[in-house]
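Here is a short briefing on one structure. Please look it over, then read the notes below.

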Amino acid sequence: MVRMRKEWPDEGDLVVGTVHKVLNYGAFGSLEEYDGKEVFIHISEVSSGWVKNIRDYVRENQKIVARVLRVNPKKGHVDVSLKRIREDQRTRKIQQWKIEQKAEKLLEFSAKSLEKDLDAGYEEVGYGIMEEFGDLYGAFEIAAEEGAKALMDRGMDEEWANAITEVAKKNISPPEVNITGYVDLKSYSPNGVDVIKKALGAINGEEISVQCVGAPRYRLMVKSSDYITAETLLKEAADKAIEVVLEEGGEGTFQRELE
């Protein structure tokens, strides 16, 4: 169960829960992120339309995403609504919750490598990570991409930073973006073949590969961790090749392949 540092959600928050009892007038459930706190969904908050049978909308053991209406710590429960949430919000919340479940497991692995348990992981670094990065998974992503120093620069203990980084690098694949563009390169010089070879040779970098589609067209393929970097690398590569043929009196054009 993913844990939040605060004991109760705030009004308006989106929460994930599991229904465990359905009655004619409403349903009861438990919150996944708040230590199983009790939630109640009144039948009037199940759907925006008239509800003849509540079981057409909710059932026992169903995972739900709901919006918090009222929080009552004294009575020990939270009133929530299923109808006051859009489908895209529901989808994003479930995805976020699943990612945080994975992150919690990674934190547990990190703690075990230090001969500690998950409770210690939360107390020593977990809650601090959530405050610094917004969620647990953010720290593991940064650790996988940038290493332990990136965590230590944000105040994390070296021992934990190294443990988290080791687990992150084993379990998180860095994001990969692939984009394609084309350059048409023409040379009217007697040594035109050499000019084209020189132009293509000006394209360098492990992230870029070149394929001949059929003269004068060449395909440029770029692999990177994000679209902005990929687009920049693609444009720079095309500009370098075109510059070479222009200097030799030729022609060059670039065209981005549409996704």
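The UniProt annotation "domain: S1 motif", from an unreviewed entry, covers residues 12-83. UniProt positions follow the numbering used here, feature names are shortened, and annotations may be inferred rather than shown by experiment. The model is predicted: local features need pLDDT of at least 70, side-chain atom pairs count only at pLDDT 80 or more, and totals for chains, interfaces and linings use all residues. Residues are numbered from 1 along each chain as its sequence is written, and side-chain values use heavy atoms, with hydrogens and water left out.

**Strands of the annotated stretch**
- Over residues 12-83 the chain is 0% helix and 50% strand, where helices (H or I, at least four residues) and strands (E, at least two) are DSSP runs numbered from the N terminus.
- Strand β1 (residues 14-23) runs antiparallel to strand β4 (residues 63-72), joined by five bridges; strands pair if DSSP finds at least two bridges between them.
- In this pairing Thr18 stands opposite Lys63.
- β1 also runs antiparallel to β2 (residues 26-31), with six bridges.
- A hairpin through two residues joins β1 to β2, and Val22 stands opposite Ala27.

**Around His77**
- His77 is found in strand β5 (residues 77-81).
- The side chains of His77 and Asp79 make a polar contact of 3.5 Å (a pair of N or O atoms within 3.5 Å; within protein, one must be able to donate a hydrogen and the other to accept it, and residues adjacent in sequence count only if both atoms are side-chain atoms).
- Leaving aside neighbours within four places in sequence, His77 is in contact (heavy atoms within 4.5 Å) with Trp8, Glu38, Val71 and Asn72.

**Helix α3**
- Eight of the eleven residues of α3 (residues 136-146) are buried (under 20% relative accessible area, with exposed over 50% and partly exposed in between; 1.4 Å probe, protein chains only).
- The cover over these buried residues includes α1 (87-113), α2 (118-133), α4 (148-152) and α5 (158-171).
- At the start of α3, a side-chain oxygen of Asp135 reaches to within 3.3 Å of the backbone nitrogen of Tyr137.
- Gly147 follows α3, with a positive phi near 90°.

**Aromatic pairs**
- Rings of Phe, Tyr and Trp (its six-membered ring) pair if their centres lie within 6.5 Å; planes under 30 degrees apart count as stacked, over 60 as edge-to-face and the rest as tilted.
- The count comes to three aromatic pairs.
- The ring centres of Phe28 and Phe40 are 4.9 Å apart and their planes lie at 40°, so this pair is tilted.
- Ring pairs link Tyr25, Phe28 and Phe40 into a cluster.
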